[in-house]
There are 2 protein chains.
Amino acid sequence: MNDAEISAAATLEPVADVAHRAGIPAEALIPYGHHMAKVDTASLAGPGQNGRVVLVTGTNPTPAGEGKSTVTVGLTDGLNLLARADDAPDAWAGKTAMAALREPSLGPVFGMKGGATGGGYAQVVPMENINLHFTGDFHAITSAHNLLCALVDNHLHRGNELRIDPRTIALKRALDTNDRSLRQTIIGLGGRTESVPRESGFEITVATETMAVFCLATGLEDLKERLSRIIIGRTYDRQPVTVGDLGLHGAQGAMAVLLKDALKPNLVQTLGGSAAFVHGGPFANIAHGANSITATNTARRLADVVVTEAGFGADLGGQKFMDITAVAGGFPPAATVIVATVRALKLNGGMSPEDLDTGAEHGDQPSLEALEAGVANLARHLENMAAYGVPVVVAVNRFPQDTEAELDWLTGWCARRGVPAAVADVWARGGEGALKVARRLVEVLPAEEEESGWHSLWTDDMTVAERIETVVTQIYGGAGVEYTPAARYQLDQLVAEGWDHLPVCMAKTQYSFTDDPAVLGAPEGFIVTVRDLALRPGAGFVVALTGSVMTMPGLPRTPAADSMDVDSSGHVTGLF
Amino acid sequence: MNDAEISAAATLEPVADVAHRAGIPAEALIPYGHHMAKVDTASLAGPGQNGRVVLVTGTNPTPAGEGKSTVTVGLTDGLNLLARADDAPDAWAGKTAMAALREPSLGPVFGMKGGATGGGYAQVVPMENINLHFTGDFHAITSAHNLLCALVDNHLHRGNELRIDPRTIALKRALDTNDRSLRQTIIGLGGRTESVPRESGFEITVATETMAVFCLATGLEDLKERLSRIIIGRTYDRQPVTVGDLGLHGAQGAMAVLLKDALKPNLVQTLGGSAAFVHGGPFANIAHGANSITATNTARRLADVVVTEAGFGADLGGQKFMDITAVAGGFPPAATVIVATVRALKLNGGMSPEDLDTGAEHGDQPSLEALEAGVANLARHLENMAAYGVPVVVAVNRFPQDTEAELDWLTGWCARRGVPAAVADVWARGGEGALKVARRLVEVLPAEEEESGWHSLWTDDMTVAERIETVVTQIYGGAGVEYTPAARYQLDQLVAEGWDHLPVCMAKTQYSFTDDPAVLGAPEGFIVTVRDLALRPGAGFVVALTGSVMTMPGLPRTPAADSMDVDSSGHVTGLF
C-alpha cells in the first residue's frame with residue numbers, strides 16, 4: 001500500500017476524543033470536519049506543564065529522501081507507546097508526547113509529487129485534507145498578504161502621500177501555487193485610472209514575510225506588532241516605510257482580522273493515535289522553517305515532550321531552530337534527533353544516484369566504502385548540534401533497500417563515537433519501529449526539573465557580520481565569508497540604520513554545507529559568498545542570501561496535477 | 001445597534017441542532033466550528049421533497065440600498081413564523097422555508113464598507129465568519145483557477161505542444177482581493193528559464209468562469225465536465241483549446257480535487273432560527289449572479305419553500321435566474337418577490353441623493369411626486385417578471401426615513417394594479433416584520449401539486465442574436481440592439497463554430513434598463529450596444545457585454561480595511 005492507501009484504510013478517532021485525551025477541554029475545540037480542529041488557546045486552563053522540546057533534524061537532504069517528518073511522527077508514537085509499556089523507563093512511564101509539524105503548501109502538492117504529512121505507518125491524518133486546503137491557514141495568510149499589497153498600490157494610485165519610491169518596493173504578492181510565470185511581472189498598466197505601472201512579482205505564500213511573522217508570533221498582539229514592522233519599501237529619501245505607516249493607523253489591524261482564526265493551532269492525530277499540531281509552514285530557506293510558535297507552545301502546555309522538526313538539514317533548519325525559533329518562542333530545546341539514512345550518506349560519500357538502487361552490491365565492500373566516506377556529513381552535523389549544549393541522538397531511518405550490514409555499520413559508527421543511535425523502522429512499523437530511538441532519547445533527555453543546557457551560538461552583542469561569520473565557520477565548517485559589493489553596501493546600511501543587532505536568517509542551498517549544491521560530504525576551507533542582505537523587521541531578522549534562492553517554484557514538465565482526479569463519490573486518485 | 005453588534009448579541013443554536021430540525025442526518029454534517037457546516041448531499045436520505053423556489057429580486061439598485069438579502073432572510077423567517085402561527089393559512093400550516101444565498105467576497109468586505117449577509121434582525125449568522133473566510137469555498141475556487149492558469153503558462157514554457165497563441169489567452173488569474181493594479185499586467189518576464197512573456201491580468205474570483213461553473217454544476221461529474229469545456233485560448237490556426245486538452249487527460253481532474261469539498265453547500269442559520277444555505281457567489285454581471293445550484297437543489301430536498309435571490313435588479317439577476325439558472329438547475333420558480341423601497345423609487349423619479357435624507361419634506365408633495373414618477377421603474381420590473389408565468393409579490397422594504405404616507409401610497413399603487421404587496425419591516429423586526437409579505441406570498445404560491453407556470457422567454461431554437469434581442473426589447477424595454485464591428489465579427493464566429501444555440505448572459509450596468517448607468521426610471525426607445533461577445537462554454541453561455549464591465553474592482557481612497565482591528569481576545573472592530 002502507498003501512503004494514501006494506508007491513510008485511507010486507517011480508522012480515525014473523532015478529534016474530540018483526541019482532544020480529550022490530550023487534555024484539551026471541549027470548549028477550546030473548534031472542529032473542522034470530524035478529524036481536524038483548531039484549538040482556542042485562550043480556553044485552555046491554567047499555564048499547564050512545560051513540555052520539553054525535542055528537535056528532529058537531519059543530514060543534508062539528497063534526492064534519496066530522508067524522512068524527517070516520518071521520523072517525527074513515528075518517534076512521537078514510539079514515545080507514547082514506550083510510556084505505556086510494561087518495561088517503560090522510570091523517568092518516562094506514564095508520560096505523553098505530542099508532535100508539532102509544519103503545514104503542507106498546495107504548490108508542491110500539485111507540482112512535484114510528494115506530501116508533507118509523513119509516510120507509511122508514520123503519518124498525520126487525515127492526510128488528504130491536511131495536504132489540500134486543511135483548515136485554510138495558508139489561504140488566510142495569502143489573503144492578508146495580498147490585501148497589504150493592494151493597499152500599497154492603492155496608496156501609490158491615490159497620490160502617494162508617503163512618497164514611496166515604487167522602485168524600492170520589495171514586497172511581492174503571493175499565491176500558494178507553483179507559478180513560474182509570475183516571478184517577474186509588470187503591474188499597474190492601463191493608464192491613469194489603473195494604478196501606477198511598476199516592476200513586481202509573486203512569491204509562493206510560504207516565502208512571504210507574512211508567513212514568517214505568522215509562525216514567529218506568540219499571540220495576536222505580537223502578530224500585529226510584527227506585521228506593523230514589515231518594511232514595504234522606501235521613500236525617495238531612502239527612509240523605510242512600514243505596514244504601520246499605511247492608512248489611518250497601519251494595515252496590521254485588517255491583516256490580523258484575516259489571520260486571527262488561522263493563528264489558532266490545528267489539532268490532528270497520528271496513525272498511532274498521538275495528538276499532533278500541524279500549523280504554519282515558512283520556507284526553511286529565506287525564513288526559519290519551523291512550525292508556528294503558537295503550536296509548539298500550546299503543545300508544551302499539554303504534553304511532557306513536544307517532538308518538532310525544522311526544514312532541510314541541521315545546518316539550515318537545525319541552526320535556525322536553535323538560534324532563532326527557540327529564542328523567539330522562549331523554549332530551550334531539550335534534545336536533538338538527527339535523522340540519517342544509509343542512502344543519503346552513500347550519496348554524500350560519492351556514490352551516484354543511479355548506483356543506489358542496483359541491489360546486488362548493497363552491503364558489500366563498495367557500498368560500505370561509500371557509507372564510510374559519507375558519514376563525515378553526519379559527523380559534522382553531530383558536532384554542530386552538540387555545540388548548542390543539547391544532547392543528540394541519531395535515528396537511522398530504515399529504507400527497504402538497506403542491508404543489515406549497512407545499518408549495523410552505521411549504528412556501530414555512532415556507538416564508537418559515544419553517540420546514542422538506533423534504527424527507526426517507522427514507515428513500515430509506525431511507533432513500534434521507533435521504540436529503540438525513543439529509549440535512546442529518554443535516556444539522554446533532561447528530567448523536568450533540570451534546566452536544558454541549550455544556548456545560542458550568538459551573543460546579544462554580535463553584529464550581523466559576526467553572526468554570519470559564526471554560522472559559516474562553526475556550523476558550515478567554512479574558512480570565511482565574502483560579500484559582494486551590493487551586500488557590503490547593504491551591510492553598511494544596516495549598521496547606519498541601527499539594524500545591526502538583528503539575528504540572521506541564512507539562505508543557502510540545503511544540499512551542501514557550502515553555497516554550492518554540488519559539493520557534498522563535509523568540505524573544508526571554502527568561502528561562503530553573501531550576495532544580498534534582506535531586512536525583515538517583522539520576522540525580526542536579516543536574511544543573508546548566498547547563491548540563488550527561488551521564492552516562487554515552477555511546475556515540472558509533467559506536474560503531479562496531471563495524474564489527479566476525483567470521482568463522483570469524492571474519491572481522489574493520484575494525489576500521492 | 002449596528003449589524004455586527006446585533007449579530008454578536010444573538011444566541012446561536014449549534015449547527016447540529018439547526019441541521020436536525022432541517023431534516024439533515026448527523027452523518028451528513030461536516031462541522032466548521034460550532035455554527036457552520038458543510039452538508040454531504042450524498043448522505044441525505046432519499047430524493048426528499050420538491051421544495052418550491054421563490055426568487056427575491058428588486059428594482060434597479062441605487063446608492064440608497066434596497067436590502068434584497070435582508071428581505072430574503074427576513075421573509076424566510078416570516079414564512080416559518082407564519083407556518084407555526086395559530087392563524088396560519090391552511091395551505092402553509094406546518095410547512096417550512098429555507099433560505100439560499102450567495103457567499104460574500106473578501107474583496108468588497110475590505111474595500112467598500114458593507115457585508116452580504118443581510119442586516120439588522122434579518123441576518124444569516126455567524127456574520128463575521130461568513131463575511132471573512134467562511135468555509136474556504138472562494139479560496140478553493142481561487143486555487144483551482146490559478147492552478148489552471150499556472151498549467152497553461154507551464155504548457156507555453158514547456159514547448160507549447162498545443163500551439164496556443166499566447167495573445168489569445170483570455171483566461172486571467174484570480175484573487176479575492178480588490179486590486180486595481182493587477183487588472184493589466186505583463187507576466188513571464190526574465191528570459192528563457194522564467195516562462196513566456198505575455199500580456200495578462202487578474203480578475204476578482206467571483207468574476208471567473210470557474211466560479212460560474214462551480215455555481216451552475218449539479219454535482220462533481222457535471223463540474224468536471226463543465227470545467228473541461230472552458231476555453232483557455234486559441235491555436236495559431238484559431239481553433240479553441242480547452243481545459244480538457246491540457247496535460248494527459250485535461251486539468252479538470254486536478255481542479256476538481258481542489259473543489260470537491262467546496263462544492264458541498266454550507267449550512268448556517270438566520271437570526272430567526274431558520275436554516276439557510278450560503279454557497280457560491282458569481283458576479284451578477286458577467287455571470288448569472290445566483291447562489292449554487294447544489295445549494296438550491298439540496299434546500300429543495302429539505303424544505304417546502306426555498307427563498308433565494310439573484311444579484312442586482314430584476315432586469316439583470318431576475319432575467320438570468322429565469323432564463324439561465326432555473327434551466328440549469330431544473331427547478332421551475334414558483335413565485336417572484338420584487339423588493340422595492342421608497343428611497344430607490346424616489347431616486348428613479350428624479351430626486352437627487354442629497355435630497356433623500358433631508359427629513360422634513362418626506363411624505364409631502366415633492367416627495368410623493370418623485371415616488372410617483374419613479375414607480376415606473378417598479379412597474380416595468382413587475383411586467384417583466386410576470387412575463388415568465390410566475391406570480392409576483394412586491395415587498396416594500398421599510399427604511400427608517402420612510403413616512404407612512406409614502407409607504408401607503410406605494411402599497412396602494414400596487415393594490416390598484418392588482419399586485420399583492422406589503423411593507424416588510426425586517427431590518428428592525430426580523431421575521432415578524434415579514435409576516436404580511438409572507439401571507440401575500442403564500443396566497444399566490446402554487447400548491448405543491450400544481451405545476452409552476454414558469455417558462456423561459458427564450459425558445460431552444462433561438463440564436464444568440466435573437467436571445468439578445470428578446471431581452472433588450474421585452475425586459476429592458478429598448479427599441480433594438482446594435483453591435484460594434486468587433487462584436488459583429490464575434491457573432492459571425494459563434495455561428496461558424498456552432499455556438500449560436502447557447503444561452504446569453506447579459507453584462508449591463510445594474511443601475512439602468514439601458515446600457516447607460518445615468519438613465520434611471522423606465523426609459524423607452526433606446527438602443528443597446530453590444531461591444532463584445534465572450535464565449536464561456538464551461539458556464540454554458542455567451543456573455544454579451546454592453547458598456548464597460550469591471551472584473552477587478554479597485555480600493556477606494558479610504559478602504560474599509562483602514563478602520564479594522566482585532567484585539568488580543570480576538571474581538572473584531574470596524575468590520576461593518
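Predicted model: local features only at pLDDT ≥ 70, side-chain atom pairs only at ≥ 80, totals over all residues.
**Entry 1: a charged patch**

I then looked up where A:Asp460 sits: the loop between α17 (435-444) and α18 (464-476) of chain A. Its relative accessibility is 75%, so I noted A:Asp460 as exposed, the cut-off being over 50%.

**Entry 2: an aspartate inside**

Next I picked A:Asp77, which belongs to helix α3 (residues 68-84) of chain A. Is A:Asp77 buried or exposed? I found a relative accessible area of 3%, so A:Asp77 goes down as buried, the limit being under 20%.

I wanted to know what A:Asp77 touches. Leaving out residues up to four places away in sequence, I listed A:Thr270, A:Leu271, A:Gly272, A:Gly273, A:Ser274 and A:Gly431. I also checked A:Asp77 against A:Trp499: these two are 422 residues apart along the chain, and 43 Å separates their C-alpha atoms.

**Entry 3: salt bridges**

I counted salt bridges over all chains and wrote down 46. I went through three of them by hand.

The pair I took up here was B:Lys260 with A:Glu128, whose side chains meet at 3.0 Å, N to O. Why does this pair join two chains? B:Lys260 is in the loop between α9 (252-259) and β13 (266-270) of chain B, while A:Glu128 is in helix α5 (residues 127-131) of chain A, so the bridge runs from one chain to the other. I have B:Lys260 as buried, with a relative accessible area of 9%, and A:Glu128 as partly exposed, at 24% relative accessibility.

I then turned to B:Arg398 and B:Glu404, which form a salt bridge of 2.4 Å, N to O. Both ends came out partly exposed: B:Arg398 has a relative accessible area of 26%, and B:Glu404 has 45%.

My other pair was B:Arg440 and B:Glu443, bridged at 3.3 Å, N to O. These two residues both lie in helix α17 (residues 435-444) of chain B, 3 residues apart, which is about one turn of the helix. B:Arg440 counts as partly exposed at 23% relative accessibility, and B:Glu443 counts as exposed at 56%.

Looking for bridges with shared partners, I came back to the chain contact: A:Glu128, B:Lys260, B:Asp261 and B:Lys264 are joined into one network.

**Entry 4: backbone notes**

I checked for cis peptide bonds. In chain A, the bond from A:Val125 to A:Pro126 is cis, with omega near 5 degrees, and A:Pro126 is in the loop between β6 (122-125) and α5. In chain B, the bond from B:Val125 to B:Pro126 is cis, also with omega near 5 degrees. I placed B:Pro126 in the loop between β6 (122-125) and α5 (127-131) of chain B.

Which phi values are positive in residues other than glycine? I noted A:Asn160, with phi near 55 degrees, and A:Arg238, with phi of about 70 degrees.

A:Asn160 sits in the loop between α6 (137-157) and β7 (173-175) of chain A, and I have it as buried, with a relative accessible area of 14%. A:Arg238 sits in the loop between β11 (231-234) and β12 (240-242) of chain A. I put A:Arg238 down as partly exposed, at 47% relative accessibility.

Methods. Residues numbered from 1 in each chain as written. Chains lettered and ligands numbered in written order. Heavy atoms only, no water. Helix = DSSP H or I, 4+ residues; strand = E, 2+ residues; numbered from the N terminus. Buried < 20%, exposed > 50% of the residue type's maximum accessible area, 1.4 Å probe, protein only. Contact = heavy atoms within 4.5 Å. Salt bridge = Lys/Arg side-chain N within 4 Å of Asp/Glu carboxyl O.
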